[in-house]
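Have the viewer open as you read.

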Amino acid sequence: MTKTTIVIPNYKGIDYIDNCLSSIYKGTVIPNVIMVDNNSKDGSLALVKEKYCQVKIIEFTDNMGFCKAVNAGIKAADTPYVLLLNNDTEVDNHMVSCLEQALENDRKVFSAAAKMINLHAPERLDGAGDFYCAFGWAFARGKDKPAEGYDKPCRIFSACAGAAIYRRGIFDNIGYFDENHFAYLEDLDIGYRADIYGYHNKYVPEAKVYHAGSAATGSRHNAFKVTLSARNNIYLIYKNMPLLQFVINLPLLAAGHLIKFAFFLHKGLGRAYLAGILQGFRMAFSKQGRKNKVRFAWRNLPNYFWIQGQLWGNIVRRGL
């Protein structure tokens, strides 16, 4: 029985999608594949229809963003696991089986992240799971460090949805990707929610994926990305932190955002960052934002202690 459906959100993927799909079908485990197209006009959709007839395609008539695309794919899947994969990746032959094994070994695991390696500089790591710290900073563990490192599996704060497997049934318990995000930090948000509910997110170094990065937006820092990331970070904090935890972390959160503002101001993106902050407050206190807030439950108190330890500890890890 096929255990996994790979869901690939596609937008302007003409330079990568062929190699991505080709690498999947060379693997030792052949999963179901769903591509959700966000109204690409670059020929990538036509290429997949012509060359990969086994791929199920969901087409949007507009760019609906990452979250809506992957939610559509997750809900269309009929396998126990769903594996989210960026279109600018190439996967190792054993990637799917390694990620499946991580979920089968521990029923508490909600997601398992692959070892992401820089496609254009394979000696460098692109990420070994995602962390979040009390400065309000999200970061890819090990980014740009030597790729031969980070070879031990471990629990992480959240999995990067560019290459991660999820236990599909848990979405019904904790909710799906928050479509208010559109893109950026949505994977951190859902990993955060899983942590609150007592599930685990794991890093699996045996599962290797080669990632180009910034294929849709074109650069690591740009006004679109900076604005959305700043907006979504404010929203994420509001959604997931109960009031007491927010008060405890407020001095560090304020310092972290001031440092980020200075950083983006130096890059000429200060206005974009401030615009995102303001949009984040508006989104958080909107009717939909208040509805989506994770309600505190005493049964989850031990999980909040673990999260707080991560928020403080990851300040140190950020420098490693």
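## A salt-bridge network

Asp-178, Asp-189, Arg-193 and Lys-239 are joined up in a network of salt bridges (a side-chain nitrogen of Lys or Arg within 4 Å of a carboxyl oxygen of Asp or Glu). Bear in mind that this is a predicted model, where local features need pLDDT of at least 70, side-chain atom pairs count only at pLDDT 80 or more, and totals for chains, interfaces and linings use all residues. Residues are numbered from 1 along each chain as its sequence is written, and side-chain values use heavy atoms, with hydrogens and water left out.

Here are the pairs in question:

| Pair | Closest N to O |
|---|---|
| Asp-178 and Lys-239 | 2.9 Å |
| Asp-189 and Arg-193 | 2.8 Å |

The Lys-239 and Asp-189 pair links helix α7 to helix α6, 50 residues apart (helices are DSSP runs of H or I, at least four residues, numbered from the N terminus). Within helix α6, Asp-189 and Arg-193 sit four residues apart, about one helical turn.

Across the whole structure, a search turns up eleven salt bridges.

Key
Helix = DSSP H or I, 4+ residues; strand = E, 2+ residues; numbered from the N terminus.
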